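Notebook open, viewer open. I want to go through the chains one by one, then look at where they meet.

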Amino acid sequence: MNNDDRSSRPLSASRRLFLQRTSLLTGMIALGGGSYLYNPKGVWAAAPIKVGIATDLTGAISWGGIPNSQVAKMVIDQINKGGGLLGRPLQMILEDTATNEQLAVTKVRKLVTQDKVDVVFGGITSSMRNAIKDTIVNRGKTLYIYPQLYEGKECTPYLFCTGPTPAQQCDTLIPWLIKNGGKKFYLPSADYVWPHTLNAYARKAIVKNGGEVIGEEYFPVDHNEYSATVNKIMSSGVNVVFNTTIPPGVAAFFKQLYEAGFLKNGGRLSCVYYDENAITITPPHEVEGLASCLDYFRAINDPFGNQLQAEYGKLFGNTSYNAGSGSTGMYRGIKLWEAAVKEAKSVNREPVAAALDHAKISDGPGGGCEMVPGTRHVKMNMYTAVSKGGKYEIVEKSKGPVMPGECA
Amino acid sequence: MSQSTELSTSSLPLRKVIPWVELGLLATSLILPVFADDFWTLFLTRVFILGLLALSFDLVWGYAGILSFSQALFFGMAGYCTALLATEAGITSVLVLLPVAGLVGLIVSLILAFIVILGRRVPTTVFVALGTLTGSYVVERLARGWSYVGGQNGIPSLPRLTLGNHEIAEGVWFYYMALAILLGIYVALKFLTRSQLGLVLAGIRQHETRITFFGYRVQHVKGIVFALAGLIAGLAGGMYAFHEGYVGPGQLSPVLSTQVVLYVLFGGVGTLIGAVIGAGMIEYLSFMLSQEYQRLWPIILGLLLLVIVMFRPTGLIGFLVSDRERIGSFGRPDDAAAKNDTDKNPA
């Protein structure tokens with residue numbers, strides 16, 4: 001990065017002054033200031049609307065954070081090409097939360113107190129959302145939109161969630177599993193909040209639809225030896241394994257289950273975070289017939305989705321756009337916020353939050369969607385897909401948008 | 001100190017640098033909020049709190065030779081306990097919560113000290129390092145799995161600390177509170193390490209067996225210092241939780257404990273001020289690097305730390321002060337200057 005480039009970036013005067021002072025006073029080696037800003041192309045008369053993106057570009061969750069930041073960049077560039085918002089360009093300010101909640105609070109603080117962004121999108125894990133939400137929403141008085149599928153129960157005012165909830169992932173999937181797998185369920189899970197809460201909902205749905213839960217078991221998040229569990233599954237005549245163990249252990253689990261003959265005996269695997277990216281971590285024959293339920297699959301093969309795929313692939317080196325990393329929630333979140341800003345004719349928190357409460361978009365990954373008023377969650381189409389030879393096939397589409405069932 | 005006069009060979013005046021560094025940093029810190037914008041005030045408050053945590057590690061490692069990987073354990077436990085007091089019992093008074101934070105740190109460190117330091121056998125440095133590491137690993141695991149304290153998600157949205165009816169919002173108020181506490185602890189530690197106890201500690205660090213033969217109960221002294229450092233770490237943990245508005249398992253993880261070790265190695269072991277400088281510099285560098293090199297910054301930071309630790313084992317402070325001043329001196333000033341001059345084998 002050369003100097004001209006750096007000086008052309010907008011930098012607040014007080015920060016530059018501060019940098020000079022600190023380096024003078026303490027002899028610190030200033031390595032150079034300047035945020036990683038994406039400047040809108042062209043010359044705009046109006047001051048930009050600042051959009052803060054705080055996501056995990058490094059660390060364990062970077063597999064999700066990097067696609068998230070790319071989707072954000074793509075959508076924001078699209079909006080800018082289309083003339084911006086309220087006649088103002090959008091300026092994306094990206095911060096790396098580094099899969100580290102301690103660091104993240106400082107990063108988000110920078111967005112809120114120094115850049116004074118108008119809205120923050122980001123966070124992949126619930127622990128990250130929990131760590132940064134107070135800094136954004138209560139202490140920072142800024143709007144926060146969280147894009148990832150999660151366990152629900154986030155009802156903080158001014159915090160909007162645009163990913164699928166347990167209700168959305170279970171309501172269409174569980175009846176399908178009972179019809180196309182059987183009534184006996186086993187719930188092997190990683191021991192953290194999301195599997196616990198999801199299982200609680202899934203259990204209710206299973207019982208309601210006439211199924212039964214044979215076992216529910218929790219393992220440390222980095223567990224990878226499942227022979228005892230596989231034995232239990234094989235010996236108790238389980239029809240459906242509703243899995244919430246997570247990578248990297250999940251690959252070992254599926255392998256051990258496959259080798260024990262679970263699939264050969266007609267057992268059905270199910271895993272609701274498995275998208276078209278996750279399915280590549282296991283050999284196709286080990287997850288043949290795995291059923292997942294998400295808000296978008298490439299296999300939907302709709303014109304809007306295909307165009308989105310093509311554009312995303314062109315911008316980011318032929319990588320594909322998938323639902324599991326919060327990429328769909330990010331797209332939806334930015335577009336819903338855009339709609340809300342247009343309606344409110346302002347970027348101030350109160351009017352935008354009021355408009356966002358009932359915002360609606362007609363197109364998006366998996367189709368249009370809308371906020372359910374008063375809940376700050378989105379109702380959206382859900383798709384049940386089954387893995388065949390390492391590729392997904394859509395087997396069922398929800399009848400209309402599915403309610404999130406949160407904060408009502 | 002009678003030997004030291006005999007050994008006096010030099011009359012070179014010792015030019016002290018550390019007091020100037022300390023005064024400079026203090027003066028800068030006192031006036032900074034006037035010039036800096038809000039973000040940097042918040043940033044520095046966090047640095048002060050982490051500096052306090054670094055001080056606690058410097059005390060155990062730099063002075064008593066205990067390689068503790070559990071400073072974050074005391075830090076995080078205090079954070080969790082005060083957070084629960086605030087959310088479950090509605091107590092937000094700083095006059096209750098901070099003493100409680102210190103007390104929690106003290107109790108937890110005493111318990112750990114009984115296990116890893118005060119056993120019947122004299123523990124080796126490696127034993128203590130692994131024992132404390134295991135302790136903090138176990139507690140982190142428990143915290144991640146325990147739904148009452150939020151499991152992996154921690155306890156979010158903590159209320160603010162209060163003093164009477166006044167809310168101590170993060171910003172200038174919190175900044176000066178953290179600075180005052182840091183300064184208080186710093187001065188106290190300065191006295192402590194220059195006292196007779198400090199002399200014993202220096203002796204333990206240099207030659208533990210010899211101090212034992214002098215009749216000191218080395219393990220007891222180590223236990224006391226360990227518990228004291230636990231108290232300081234706990235105090236820092238309580239402040240941290242309320243400054244960030246959140247407490248989670250990351251705050252008591254071995255990762256943070258290791259980071260504290262890095263703060264102190266980077267700044268300079270056994271100087272107190274080096275710990276604070278190290279905490280500030282690492283936080284500043286990681287923030288600045290992450291602004292410039294969004295995906296590569298952890299690698300760059302790691303390399304930088306590696307280079308400093310390899311080529312400047314005395315840390316950043318080693319660029320500024322002589323070994324003689326860094327290691328310090330005891331007794332009357334004129335004797336001390338002379339004694340240190342003959343010390344050819346610094347730590």
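Predicted model: local features only at pLDDT ≥ 70, side-chain atom pairs only at ≥ 80, totals over all residues.

Before counting anything: helices here are DSSP runs of H or I with at least four residues, strands are runs of E with at least two, and both are numbered from the N terminus.

**Entry 1, chain A overall.** On that basis I get 13 helices and 16 strands for chain A. I looked up burial next: of the 408 residues in chain A, 54% are buried. Then I checked contacts between residues at least 6 apart in sequence, and in chain A 70% of them join residues at least 24 apart.

How is chain A divided? I find domain 1 as 48-163 + 302-379, and domain 2 as 167-299 + 383-397. Taken over C-alpha atoms, the centres of domain 1 and domain 2 of chain A are separated by 29 Å. I then looked at where they touch: 15 residues of domain 1 of chain A contact 16 residues of domain 2 of chain A. On the domain 1 side, I have 4 nonpolar, 9 polar and 2 charged residues.

I picked α4(A), residues 101-114, and α5(A), residues 126-138; their axes come within 9 Å and cross at roughly 35°. Is the crossing of α4(A) and α5(A) left-handed or right-handed? I have it as right-handed. From α4(A), the residues that meet α5(A) are A:Glu101, A:Ala104, A:Val105, A:Val108, A:Arg109 and A:Val112. Facing them in α5(A) I list A:Ser127, A:Met128, A:Ala131, A:Ile132, A:Thr135 and A:Ile136. By class, this contact of α4(A) with α5(A) has 8 nonpolar, 2 polar and 2 charged residues.

I clicked on A:Leu177, which is in helix α7 of chain A, residues 173-180. Is A:Leu177 buried or exposed? A residue needs 20 or more other C-beta atoms within 10 Å to be buried, and A:Leu177 has 27 such neighbours, so I put it down as buried. Leaving out residues up to four places away in sequence, A:Leu177 touches A:Val240, A:Arg268, A:Ser270 and A:Ala291. I followed up one of these: A:Ala291 is 114 residues from A:Leu177 along the chain, with 8.0 Å between their C-alpha atoms.

For chain B I count 15 helices and 2 strands. Of its 347 residues, 49% are buried. Among chain B contacts between residues at least 6 apart in sequence, 75% join residues at least 24 apart.

How do α7(B), residues 172-194, and α8(B), residues 196-206, pack? I get an angle of about 70°, with the axes 4 Å apart. Angles of 65 to 115 degrees count as roughly perpendicular, so α7(B) and α8(B) get that label. B:Leu192, B:Thr193 and B:Arg194 in α7(B) meet B:Leu197, B:Gly198 and B:Leu201 in α8(B). I sort the residues of this contact into 3 nonpolar, 2 polar and 1 charged.

Last stop: 37 residues from chain A and 38 residues from chain B make up the contact. Looking at the chain B side, I see at least two residues each from α2 (18-35), α3 (38-63), α6 (125-145) and α12 (273-292). Which helix gives the most to that side? I have α12(B), with 8 residues. The chain B side divides into 16 nonpolar, 14 polar and 8 charged residues.

Key. Residues numbered from 1 in each chain as written. Chains lettered and ligands numbered in written order. Contact = placed C-beta atoms within 7 Å. Nonpolar A, V, L, I, M, F, W, Y, C, P; charged D, E, K, R; others polar. Buried ≥ 20, exposed ≤ 12 C-beta atoms within 10 Å, placed from the backbone. Axes fitted to C-alpha atoms, helices over the stretch in contact; angles between N-to-C directions. Left-handed = near helix turned anticlockwise from the far one by under 90°. Domains from an automatic or database assignment. Parallel < 35°, antiparallel > 145°, perpendicular 65-115°, else oblique.
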